[in-house]
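Thanks for coming. I'll take a few minutes to walk through one structure, going from a helix and its sheet to the charged pairs.

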Amino acid sequence: MIAVTTLDEFIIDRQDDFPFATGDLSRLLRDIGFASKIVHREVNMAGLVDITGAYGSENIQGEEQQKLDVFADEVFIKALRHGGEVCGIASEEKDDFIAFENEKSIQGKYVLAMDPLDGSSNIDVNVSIGTIFSIYRRKTEAGTKATMEDFLQPGTEQVAAGYVLYGSSSMLVYTTGSGVNGFTLDPSIGEFCLSHPDMKTSNDGKIFSMNEGNYHLSHKGIQTYLDKCKLEEKTARYIGSLVADFHRNLIKGGVYLYPSTSKARNGKLRLLYECNPLAFIAEQAGGKASDGYTRTMEIEPTELHQRCAYYVGSKNMVDEIEGLLK
Ligand code: P6P
């Protein structure tokens with residue numbers, strides 16, 4: 001029997017690194033791991049059970065909700081409400097944030113922002129999809145209902161962030177500000193096991209990831225950067241699923257670009273539950289994330305679902321993009 005470190009063991013071991021940790025964040029991370037296993041199971045059955053068809057209703061993004069979107073949203077909300085560690089949740093699938101009122105949750109020290117199933121348009125074509133989450137300490141007093149103030153915090157205030165990638169295998173990758181660690185789900189024992197300790201990304205990379213259908217809609221500096229990538233014979237890789245593209249580039253080196261365009265003035269990606277959590281991971285792994293002018297984690301949020309341009313990955317590549325935009 002090979003010795004494996006499960007996610008739960010790792011979280012508890014690392015809790016000792018935080019002398020004042022009361023275990024609340026540890027329990028919250030374990031609740032996220034638990035909910036991820038349930039979503040993993042449904043994602044892996046998607047082809048078999050009639051839950052891949054479009055759900056019919058639309059979310060705030062005006063996108064048709066795939067049934068798995070709704071399922072994942074409900075699984076995480078139920079698990080976190082039951083766990084009682086968060087007093088509120090902001091979700092891509094919900095127009096407004098949820099402020100829990102039950103006796104335990106209203107005392108919760110944290111709030112969570114999430115995209116429960118990003119890239120869900122890829123579900124019925126069997127492309128990897130992912131969950132992205134971001135955790136903050138609440139600003140308002142424990143025992144009161146969460147308010148918008150608890151959610152509109154810059155990314156620098158995150159206490160933890162991570163993602164789950166439902167791919168050829170399911171992985172959970174997270175940081176609490178002391179490095180990045182990756183866990184692979186072993187379905188035979190139902191545990192996420194430490195498979196990628198202390199993940200680091202290279203300063204440079206050969207991979208650039210962008211929907212080049214937006215080339216002519218993008219800033220001249222972005223066009224120059226893309227032209228340069230081709231002259232340098234870099235590799236174009238774009239799956240159309242942020243978590244999958246981000247994860248590949250984190251491991252192999254590379255940069256993901258979603259610029260603001262003449263059609264989408266503020267880009268497409270969401271600051272709170274897509275850009276900030278992955279920016280935290282990227283920086284903790286030695287990479288960088290910005291909107292081309294400002295460090296992503298220093299952008300002051302003003303709306304729950306606000307969008308921002310996003311360049312994330314190998315530091316030197318993001319630096320080069322910023323140089324061309326300035
Ligand atoms: P486009 C999926 O909808 C998503 O939010 C990301 O996962 C993905 O990288 C991006 O949008 C794809 O957008 O405009 O290239 O189809």
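When I say helix, I mean a DSSP run of H or I of at least four residues, and helices are numbered from the N terminus. Keep in mind that this is a predicted model.

Start with helix α7, residues 271–284. After α7 comes G286, which has a positive phi, near 95 degrees. How many of the 14 residues of α7 are buried? The count is 12, so the helix is mostly covered, with buried meaning under 20% relative accessible area. Among the buried ones are L271, L272, Y273, F280 and I281, and also E274 and N276.

Now the sheet. It is open, has 5 strands with mixed pairing, and runs in the order β12-β11-β13-β15-β14. At its edges are β12 (235–236) and β14 (288–290), each of which pairs on one side only. The partner of β14 is β15, residues 310–313, and the two are antiparallel over 3 bridges. Within that pairing, S290 sits opposite Y311 of β15. Helix α7 packs on this sheet, where it touches β14 and β15, and its direction is about 25 degrees from that of β15.

Next, the charges. The whole structure has 18 salt bridges. One of them joins the side chains of K145 and E101, at 3.6 Å from N to O. This pair links distant parts of the chain, 44 residues apart: K145 is in the loop between β6 (129–137) and α4 (148–151), and E101 in the loop between β4 and β5 (110–118).

K315 is partly exposed at 34%, and so is D319 at 26%.

R295 and E298 also form a salt bridge, 2.9 Å from N to O. There is a network of salt bridges too, linking D24, R27, E85 and K109.

Last, E93, in the loop between β3 (86–91) and β4 (98–99). E93 counts as buried because its relative accessible area is 7%. From E93 to M114 is 21 residues in sequence and 8.9 Å in space, C-alpha to C-alpha.

How values were computed
Residues are numbered from 1 along each chain as its sequence is written. This is a predicted model: local features need pLDDT of at least 70, side-chain atom pairs count only at pLDDT 80 or more; totals for chains, interfaces and linings use all residues. Side-chain values use heavy atoms; hydrogens and water are left out. Buried means under 20% relative accessible area, exposed over 50%, partly exposed in between (1.4 Å probe, protein chains only). Two strands pair if DSSP finds at least two bridges between them. Contact means heavy atoms within 4.5 Å. Axes are lines fitted to C-alpha atoms, for helices over the stretch in contact, and angles run from 0 to 180 degrees between N-to-C directions. A salt bridge is a side-chain nitrogen of Lys or Arg within 4 Å of a carboxyl oxygen of Asp or Glu.
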